[in-house]
Amino acid sequence: MNKKYILRKWQKSDLYSLVKHANNRNIAEKLTNKFPFPYTEKDGKDFLESVIHQDSPLVFAIEIAGEAVGAIGLFPQEDIHCKNAEMGYWLSESYWGNGIMPEAIKEMVRYGFSIFDINRIFARPFGTNLASRRVLEKAGFKQEAVFKDTLYKNGKYIDEIIYAIRKTNMMKKDTDTFRIRPLEKEEEIPFSLLYLADPSEVAVKDYLKRGRCYAGYLNGELIGEYVLLPTRPFTIELINLAVDERFHKKGFGKQLVLHAIETAKNENYQVIEVGTGNAGIGQLALYQKCGFTMYSIDLDFFSSHYLEPMYENGIECKHMVRMKIDL
């Protein structure tokens, strides 16, 4: 499935779209009373104030077509429950039934298990919310318990259903799962991979200040990355693509490139560009297989910008081949 959404931090500018999509009785009736109906501008401001200043992001916006249309969050527990985190989520009714939430939940599960020292993520849908229960099952959650008539909402008693997914079981099951997500600011930067694509420390750190790094995880292990760097209005560049040498020629580089293209589309860019060396035979083939077309060559780019000569496939890498896709 082509990714139709992105998970990102909330911003103050999300207030209008938040209120627009959250102000829905059909959503509120499936959540706790902390999610009100009507959902007012004050409710939106209070929510944004509570999540924007979190040191470690716990609640992310679900963005589709440039709008925040839902939320998904993890809430680590305390005391003897410290190895658990609760998951909560909601999505605009306009996007129900499009397969978005199972994928968003899977992505959030990966994020939670990689960031927090936990072994179990659980959710507590209402027994009457069959759609949410199916979504959790599609995302790999298992029903663990049913508490009869435990909840009281709108004058009615409702069953509480406990669903959960455990890190140990998930890792056993998803032996061939490759997940790609953006790195958050507080996460460790994979410099060892970045330097495989560009040996210049100065250049890499400059790219990271102006762009965003996306990391690829195989069974929870970081094995690849790329950076997206806005360069001109409606144009973004794919740079510093790298895969751990242990995993070359297994298709992970192509998955990273295709993910970058889809991300650029979702963020409403009109052109994605990439530059690679004249000696990178494999890279030139990869990008063209992914839809890129050559449009120019920067002669002597590498020999002018790097002190030491670089070689690939026994050929000196002197020139930058510029390629692009019109999205």
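Guide: Six bridges connect β2 to strand β3 (residues 67-76), and the two run antiparallel. This is a predicted model, in which local features need pLDDT of at least 70 and side-chain atom pairs count only at pLDDT 80 or more, while totals for chains, interfaces and linings use all residues. Residues are numbered from 1 along each chain as its sequence is written, and side-chain values use heavy atoms, with hydrogens and water left out.

Visitor: What makes β2 and β3 strands, and what makes them a pair?

Guide: Strands are DSSP runs of E with at least two residues, helices are runs of H or I with at least four, and both are numbered from the N terminus. Two strands pair if DSSP finds at least two bridges between them; β2 and β3 have six, so they pair. Within this pairing, Phe60 lies opposite Ile72 in β3. The two strands form a hairpin with two residues between them, and Ala65 in the turn has a positive phi of about 55°.

Visitor: Why is strand β2 called largely enclosed?

Guide: Buried means under 20% relative accessible area (exposed is over 50%, partly exposed in between; 1.4 Å probe, protein chains only). Six of the six residues of β2 (residues 59-64) are buried, so the rest of the structure largely encloses this strand.

Visitor: Why is Phe126 called buried?

Guide: Its relative accessibility is 8%, and the limit is under 20%, so Phe126 counts as buried. Phe126 is located in the loop between β5 (120-123) and α5 (130-138).
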